[in-house]
Amino acid sequence: MEITIRQATAANEKEVLRLIRDARRVCLHFKVEELKDRLETEPFLVAYARGRLVGFMFWDLHYSYLARLRGAGLADRWPVSEYLRALLPPSLESLRAQGAATLAYVGSDDWLIEPLQEHGFVVDNIILAYQKADWAVPSRGNQEVLVRPTQPDDFPALVALDQAAFEPLWQNTARVFQDVLANYPYFVVAELEGTVVGYQFSSLLGDRGYLARVAVHPDYQGRGIGTRLLAEAIAFFKQEGVRAIILNTQQDNQASQRLYRWFGFKLVGEEAVVLKFNIPSEFP
Ligand SMILES: CC(C)(COP(=O)(O)OP(=O)(O)OC[C@H]1O[C@@H](n2cnc3c(N)ncnc32)[C@H](O)[C@@H]1OP(=O)(O)O)[C@@H](O)C(=O)NCCC(=O)NCCS
């Protein structure tokens, strides 16, 4: 099959949407409503065979040297190995030219994980799922901090907090915090003497509460602030009448797992895998 690859433009929106709708193998880690904007971002590559769209691949250069796979999809008749052979090298070229050194994939798309590993991606972490179906709280945590709703003014402090508390893959940008503030029903910060030292946001997924993020600045960890944020989130979920609270964390994040287990969260399984690939300086 003769394949032509090129950078997408906004004009590709309809056919990419059609492939997203019809193809069996699609992974999307961005909102479909954002597709038009995303199509203009490099590299969002589209592949054609005989004038028809047969695949796309989109990497988001989240931080200068780290690119994350946000979208992938291919026509049912195209083998994944051929798809990756066609789209990975030009993606890498473009990302390397923009300064990327590492590629990351986070997800549970069975059709994609093994083929990516065959192309040199290695397992970096496993994302675990925890659940709790009661309202018991072992401690209410630090009562000195003020827990209050987040405001847009807090974003610079939250971006700095993420940079101190997380590895780049998990750091949120101001745009993400903006999106969370607009769409999540619960988003609070913990403030100590006027300084934002932690935050927590949660959402509702049907009749379950999803504890999406808890973070405390490393300078303030170990003082019961994480405990306070968790206790407050559980009070929110209780008020919302959810059936259970779920959360995800990284397998190698011992501090957060100790805290969650202490709060009575039980491990319920593996949710996703984190794969990474270091771009060699010479790529064939
Ligand atoms: C995870 C995190 C939020 C915890 O915040 P924190 O403010 O340091 O937490 P607290 O001071 O309330 O203390 C949590 C402690 O309660 C502890 N605890 C557990 N069982 C306990 C018990 N039986 N009795 C008393 N304390 C207990 C936890 O183990 C933990 O202490 P340790 O790490 O020293 O073992 C913080 O470490 C953090 O922001 N980490 C980086 C970001 C992150 O990984 N977030 C979670 C994944 S999204």
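This is a predicted model: local features need pLDDT of at least 70, side-chain atom pairs count only at pLDDT 80 or more; totals for chains, interfaces and linings use all residues.
Residues are numbered from 1 along each chain as its sequence is written, and side-chain values use heavy atoms, with hydrogens and water left out.

Helix α5 covers residues 155-165 and helix α6 residues 174-183; helices here are DSSP runs (H or I, at least four residues), strands are E runs of at least two, and both are numbered from the N terminus. Their axes come within 9 Å and cross at roughly 120°. Axes are lines fitted to C-alpha atoms, for helices over the stretch in contact, with angles from 0 to 180 degrees between N-to-C directions. That makes α5 oblique to α6, oblique being whatever is left once under 35 degrees is roughly parallel, over 145 roughly antiparallel and 65 to 115 roughly perpendicular.

On the α5 side, the contact (heavy atoms within 4.5 Å) uses Phe-155, Leu-158, Val-159 and Asp-162, and α6 brings Ala-174, Phe-177, Gln-178 and Leu-181. By class that is 6 nonpolar, 1 polar and 1 charged, where Ala, Val, Leu, Ile, Met, Phe, Trp, Tyr, Cys and Pro count as nonpolar, Asp, Glu, Lys and Arg as charged, and the others, Gly among them, as polar.

## Helices α7 and α8

Next up are α7 (residues 225-240) and α8 (residues 254-262), whose axes come within 11 Å and cross at roughly 50°. That makes α7 oblique to α8, and the crossing is right-handed. Gly-226, Thr-227 and Leu-230 of α7 meet Leu-259, Tyr-260 and Trp-262 of α8, a contact with 4 nonpolar, 2 polar and no charged residues.

## The second largest pocket

The second largest pocket holds about 250 Å³ of space. Its lining includes Glu-15, Arg-18, Asp-22, Arg-52, Asp-76 and Arg-77, and the whole lining splits into 4 nonpolar, 1 polar and 6 charged residues. A pocket is an open set of points on a 1 Å grid over the protein atoms alone, where a 1.4 Å probe fits, with protein on both sides within 12 Å along at least five of seven lines; lining residues have an atom within 4 Å of a point. Points are joined across faces, edges and corners, and the volume is the space filled by probe spheres set on them.

Most residues other than glycine have a negative phi, and most peptide bonds are trans. Arg-50, in the loop between β3 and β4, has a positive phi of about 45° although it is not a glycine. The peptide bond from Glu-42 to Pro-43 is cis, with omega near -5°.

Notes:
A crossing is left-handed if the near helix is turned anticlockwise from the far one by less than a right angle, and right-handed if clockwise.
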